[in-house]
Amino acid sequence: MAVVPAHPPTLLVLDADPLPRLGRLTGRVRVVHTDEASLAARLPEADVLLVWDFTSRAVRAAWPGAGPRPSWVHTASAGVDHLLCPELTASETVVTNARGIFEEPIAEYVAALVLAMAKDLPRTWELQRQGEWRHREGTRVAGTRAVVVGSGPIGRAIARTLKALGVTAAVVGRVPRTGIHGPQDLDRLLARADWVIAAAPLTDGTRGMFDTRRFGVMQPSARFVNVGRGPLVDEDALVRALERRWIAGAALDVLTDEPLPPDSPLWRVPGLLISPHMSGDTVGRWDELGAQFVDLFERWAAGRPLKNVVDKERGYVPGH
């Protein structure tokens, strides 16, 4: 449990636009705003660090410096790989994330991608722009098979949503348990899947897991979707798989380099849909993220156990 100071606590916010609405915390906490450049200098004065700019890697760079460190760090994101460094992982600092905010939006986005690829909607829009009437046949989604890699709340929400479309969805996690397959089943499931959805956290064990061998295991009719983390995928291997038609198509909402440079060849790969890391971003999310942090802060201030506590060694919130 994070240590609560006796004095009015100092909350350090790594800013992003729009700034968080802290509502009920007004007057109860000293709020200090910082950007990446001044983060290292301000860390020693903070009791709590709110990583509102969850696209920043500044915490990893600033944390190893001299002086005391916050007893609690919260990130307004599901992933924590942008935070964790050996020094933070080894420390007593508690890390929490925004589990509970992004699950359903991401599941809806994956369902939208599945339907768009099955019904060839990108090609339909392109033909419309060209003024060309070209009849084609789509693929039925009901009765197809999916494997969702990542058994956390996001992966399970994706599986539930796909099942509502009539898709048989198997979920693969780090450890097998009721309703969840273990890593030893992954290749067998990939070989039968019409849809492969990557929704795993980025850890040493998942980095680069979708490589040439894994794309080679998939069916030629399979389509691949990544809404987890960009480095889960060997992007060069994915490009080769698409160009050689080892798989039928792919969609990446997360990439190794973000934002993706305009001159990246990924923009022009046939059969590849790219979106700018937006699968979990919906209207009103900033208010939800702010309200979640305020609720967590009040638990922390009252000395109650925090929710969404990350296992820093594993890199995610364990359990169901």
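I started at one residue pair: V73 stands opposite V95 in β5. I count two strands as paired if DSSP finds at least two bridges between them. Helices (H or I, at least four residues) and strands (E, at least two) are DSSP runs, numbered from the N terminus.

**Ground rules.** This is a predicted model, where local features need pLDDT of at least 70, side-chain atom pairs count only at pLDDT 80 or more, and totals for chains, interfaces and linings use all residues. Residues are numbered from 1 along each chain as its sequence is written, and side-chain values use heavy atoms, with hydrogens and water left out.

**Confidence.** I looked up pLDDT, the predictor's confidence in each residue, from 0 to 100. The protein chain has a mean pLDDT of 96, and 98% of its residues reach 70 or more. Among the elements, strand β2 (residues 30–34) has the lowest mean, 96. The highest, 99, goes to β8.

**Sheet with β4 and β5.** I traced the strand order as β2-β1-β3-β4-β5. These five strands form an open sheet with parallel pairing. β2 and β5 (94–96) stand at the edges with a single partner strand each, so one side of each has no neighbour in the sheet. The twist averages 20° from one strand to the next. Axes here are lines fitted to C-alpha atoms, for helices over the stretch in contact, and angles run from 0 to 180 degrees between N-to-C directions.

Which strands does α10 lie across? I found β1, β3 (48–51), β4 and β5 under α10, which runs at about 165° to β4. Contact means heavy atoms within 4.5 Å.

**Sheet with β6 to β11.** Six strands form an open sheet, ordered β7-β6-β8-β9-β10-β11, again with parallel pairing. Its edge strands are β7 (168–172) and β11 (272–274), and each pairs on one side only. Here the twist averages 15° from one strand to the next.

Strand β6 (residues 145–149) and strand β8 (residues 195–198) pair in the parallel sense over four bridges. A146 has W195 in β8 as its bridge partner.

Two helices came up on this sheet. Helix α6 (residues 153–164) lies across β6, β7 and β8, at about 170° to β6. Helix α9 (residues 235–243) touches β9 (223–226), β10 (249–252) and β11, and its direction makes about 150° with that of β10.

**α4 against α6.** How do their axes cross? The axes of helix α4 (residues 103–118) and α6 come within 8 Å and cross at roughly 45°. The two helices are therefore oblique to each other. Angles under 35 degrees count as roughly parallel, over 145 as roughly antiparallel, 65 to 115 as roughly perpendicular and the rest as oblique.

I listed the contact residues. In α4 they include I106, V110 and V114. In α6 they include I154, I158 and L162. The contact divides into 10 nonpolar, one polar and three charged residues.

I noted two cis peptide bonds. The bond from D17 to P18 is cis, with omega near 5°, and P18 is in the loop between β1 (10–14) and β2. The bond from E258 to P259 is cis, with omega near -5°, and P259 is in the loop between β10 and β11. Last, H277, in the loop between β11 and α10 (285–301), has phi near 50°, a positive value in a residue other than glycine.

Methods:
Nonpolar A, V, L, I, M, F, W, Y, C, P; charged D, E, K, R; others polar.
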